Amino acid sequence: MTLSRRDALAALVGSAFALTFGPLAHAEDKKITLGFAQVGAESAWRTANTVSVKSAATEAGINLKFSDAQQKQENQIKAIRSYIAQKVDVIAFSPVVESGWEPVLLEAKNAKIPVILTDRNIDVKDKSLYVTMIGSDFLEEGRRAGKWLEERYKNEPGPINIAELQGTVGSAPANDRRAGLLEVIKNDPKFKVIASQSGDFTLAGGKQVMEAFVKTYGKKINVVYAHNDDMALGAIQAMEEAGWKPGKDVSVVSFDATKGGFQAMVAGKINVDVECSPLLGPQLMTAVKDVVAGKQLPKRIVTEETVFPMSVAAEVMPTRKY
Ligand code: GZL
């Protein structure tokens, strides 16, 4: 059978393609594809979390599809829907807020795509909508901060007035870091939260809210309770611009224990930083592989964390990974 020149050329190109991409295509078929819908890039913690997820996916040989929702729930929902349409093997995300997830998670369930929550939790009745939640216990973080305040002011009669910089409204860390504090101080009337407003976990937000607090409450404020380091650093800028000495005139309590938080503790401007680890990538990839392999996972995987008072910051800082 004689082939036309065109057919011969087509056969040559086809076999070259098969030779070149065949094994890759086959290998690609065997690779797990994970769709990850990230909250945004609002803080140093979030940036470190994104680096951890991306590097762990590479390390694990998992094909990662990644999206940044700019802290908007509708963007995260859109991203999850696109992962469903692309028929990824697993979907993972850090829910920007606790509510409003049932419809899209039901779509994932009906498409038989398992969902893993990381970092932040959701408030749903039907717990079958996700396989597991990997992340911190924010309520315990709030309790730890409250206990530090109890110890710090145990010999002072009070009143001890607290100005609270809340994280993103409706988010699990904001809700629970507040709840944990209130749980500890509720039996100690000398502590009073005299102001509370959201700075949305950003440096600019923290500065803006603290400027308003300085104007409204002035030196009545004894403690700034910031739900993350970025807002604490913004508040420190606002206090210094008002001639205050944060960490001295006013105690500053923060969360995350990022590099910026440690630098501020070494400079004497944050008094205590409650650790919240963003390094969730490796645990997430292990969970993804286990889910694909059909293994049973616990509903909740809590990350181990501690509390860093200013006094240990200089010694511990060189050991920190984010
Ligand atoms: C906590 C995480 C929070 C951090 C903030 O796990 O969701 O979001 O505390 C980040 O820095 O923006």
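**Figure 1. Secondary structure and overall dimensions of the chain.** The chain holds 11 helices and 12 strands. This is a predicted model. The C-alpha trace spans about 100 × 40 × 35 Å along its principal axes. Of the 322 residues, 51% are buried. Among contacts with a separation of 6 or more, 74% link residues 24 or more positions apart.

**Figure 2. Surroundings of the ligand.** The ligand is surrounded by 13 residues. E42, D119, R120, R177 and D256 are the closest. Several side chains place an N or O atom by a ligand oxygen. For E42, the distance from such a side-chain atom to an oxygen atom of the ligand is 2.5 Å. For R177, the corresponding distance is 2.8 Å. For R46, it is 3.1 Å.

**Figure 3. Packing of helix α3 on helix α4.** Two packed helices are described by the angle between their axes and the distance between the axes. Here α3 covers residues 73-85 and α4 covers residues 102-110. Their packing angle is about 10 degrees, and the axes lie 10 Å apart. An angle under 35 degrees counts as roughly parallel, so α3 is roughly parallel to α4. From α3, the residues I77, I80, R81 and I84 take part in the contact. From α4, the partners are V104, E107 and A108. By class, this contact has 5 nonpolar and 2 charged residues, with no polar ones. An α-helix has 3.6 residues a turn, so residues three or four places apart point the same way.

**Figure 4. Helix α9 and its packing partners.** Helix α9 runs over residues 259-266. Within α9, the residues G260, G261, F262, A264 and M265 are buried. These buried residues pack against two helices, α8 (229-241) and α11 (310-316). They also pack against the strands β10 (272-275) and β12 (307-309). G268 follows α9 and has a positive phi, near 80 degrees.

**Figure 5. T118 in strand β4.** T118 belongs to strand β4, residues 115-118. Its relative accessible area is 1%, so T118 is buried. Contacts with neighbours within four places in sequence are set aside here.

**Figure 6. The cis peptide bond at P159.** Most residues other than glycine have a negative phi, and most peptide bonds are trans. The bond joining G158 and P159 is cis, with omega about 0 degrees. P159 sits in the loop between α5 (138-152) and β6 (160-166).

Figure 7. K87 is a residue other than glycine with a positive phi, near 55 degrees. It lies in the loop between α3 and β3 (90-93). K87 is exposed, because its relative accessible area is 69% and the cut-off for exposed is over 50%. F201 likewise has a positive phi, near 65 degrees, and is not glycine. The loop that carries F201 is between β7 (191-198) and α7 (203-217). F201 is buried, because its relative accessible area is 4% and buried means under 20%.

Note on methods. Residues are numbered from 1 along each chain as its sequence is written. This is a predicted model: local features need pLDDT of at least 70, side-chain atom pairs count only at pLDDT 80 or more; totals for chains, interfaces and linings use all residues. Side-chain values use heavy atoms; hydrogens and water are left out. Buried means under 20% relative accessible area, exposed over 50%, partly exposed in between (1.4 Å probe, protein chains only). Helices (H or I, at least four residues) and strands (E, at least two) are DSSP runs, numbered from the N terminus. Contact means heavy atoms within 4.5 Å. Axes are lines fitted to C-alpha atoms, for helices over the stretch in contact, and angles run from 0 to 180 degrees between N-to-C directions. Angles under 35 degrees count as roughly parallel, over 145 as roughly antiparallel, 65 to 115 as roughly perpendicular and the rest as oblique. Ala, Val, Leu, Ile, Met, Phe, Trp, Tyr, Cys and Pro count as nonpolar, Asp, Glu, Lys and Arg as charged, and the others, Gly among them, as polar. A residue is near a molecule or strand if one of its heavy atoms lies within 4 Å of it. A polar contact is a pair of N or O atoms within 3.5 Å; within protein, one must be able to donate a hydrogen and the other to accept it, and residues adjacent in sequence count only if both atoms are side-chain atoms.
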